[in-house]
Amino acid sequence: MNVVITGTSRGIGLELTRHALIKGHKVLAIARKPQDSHELMQLKNESKNLILLQLDLDVENAEQKIAQAVKDWSCVDVLINNAGIYSDDKSRKDFELSFLTNSIMPLFVTRALLPMLKKSSRPVSLQITSQMGSIQDNTSGGSYSYRASKSALNMFFKCLSIDETWLISLLVHPGWVKTRMGGNGAPLSAVDSSAGIWKLIENADAGQNGSFLNYRGEKIPW
């Protein structure tokens, strides 16, 4: 398969990339500073199937640069919008950047790649969201911009699943993962989370289009 993944320099994005390469897929891995990730650069040295794109998704027309990078591919089979941030909610800029990175850019990247996804026989667009974006599940408050931006992401792709019924669009909570964002106290490794996410991708069907799931495939309330 031909796979595009954002936010690949560390954590879940890095492990999703590693899993894809192990499975023999061709991967465009997008990272803001790939050269700063020893593990990502090592994957590049080890696999001819890995293409790195250095790109800050927050810059103007970033989605077009991604589309340009895959213009010679036969199709895009899988798009994983993984890049995300957790801000301190201290300023207006924190909120603006949270929504741009966590909500708006995943939609814009997906829209830019729709023509290439449409060429696939079973296209999947998977968004790494969060259970913290569930309004029904929110019992602790706080994390305003992160929660709200993930809720917006969920709504964007619920809409997309209705407008583009040919595309299998999934919203997936990766679990509480031991990453820079999740912290060392998290119970789940990025390796295990990524393995579960790839299982979802491989088994996804049209009936799951627009679903909000965890990495084990269990439904999460909106």
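Buried means under 20% relative accessible area, exposed over 50%, and partly exposed in between, with a 1.4 Å probe and protein chains only. The model is predicted: local features need pLDDT of at least 70, side-chain atom pairs count only at pLDDT 80 or more, and totals for chains, interfaces and linings use all residues. Residues are numbered from 1 along each chain as its sequence is written, and side-chain values use heavy atoms, with hydrogens and water left out.

**Exercise 1.** Determine which residues of helix α5 are buried and what covers them.

*Solution.* Helices (H or I, at least four residues) and strands (E, at least two) are DSSP runs, numbered from the N terminus. Helix α5 spans residues 144-163. Its buried residues include Tyr-146, Arg-147, Leu-153, Phe-157 and Leu-160. Contact means heavy atoms within 4.5 Å. The cover over the buried residues includes α4 (92-117), along with strands β4 (78-81), β5 (124-128), β6 (168-173) and β7 (211-214).

**Exercise 2.** Decide whether Leu-188 is buried or exposed, and find what it touches.

*Solution.* Leu-188 lies in the loop between β6 and α6 (190-203). Leu-188 counts as buried because its relative accessibility is 11%. Leaving out residues up to four places away in sequence, its contacts include Trp-176, Ser-193 and Tyr-215. Pro-174, another residue that Leu-188 touches, is 14 residues away in sequence and 9.2 Å away in space, C-alpha to C-alpha.

**Exercise 3.** Give the strand order of the sheet and name its edge strands.

*Solution.* Two strands pair if DSSP finds at least two bridges between them. The open sheet has 7 strands in the order β3-β2-β1-β4-β5-β6-β7, with parallel pairing. At the edges are β3 (50-54) and β7, each pairing on one side only.

Notes
The expected span of a helix is 1.5 Å times one less than its number of residues.
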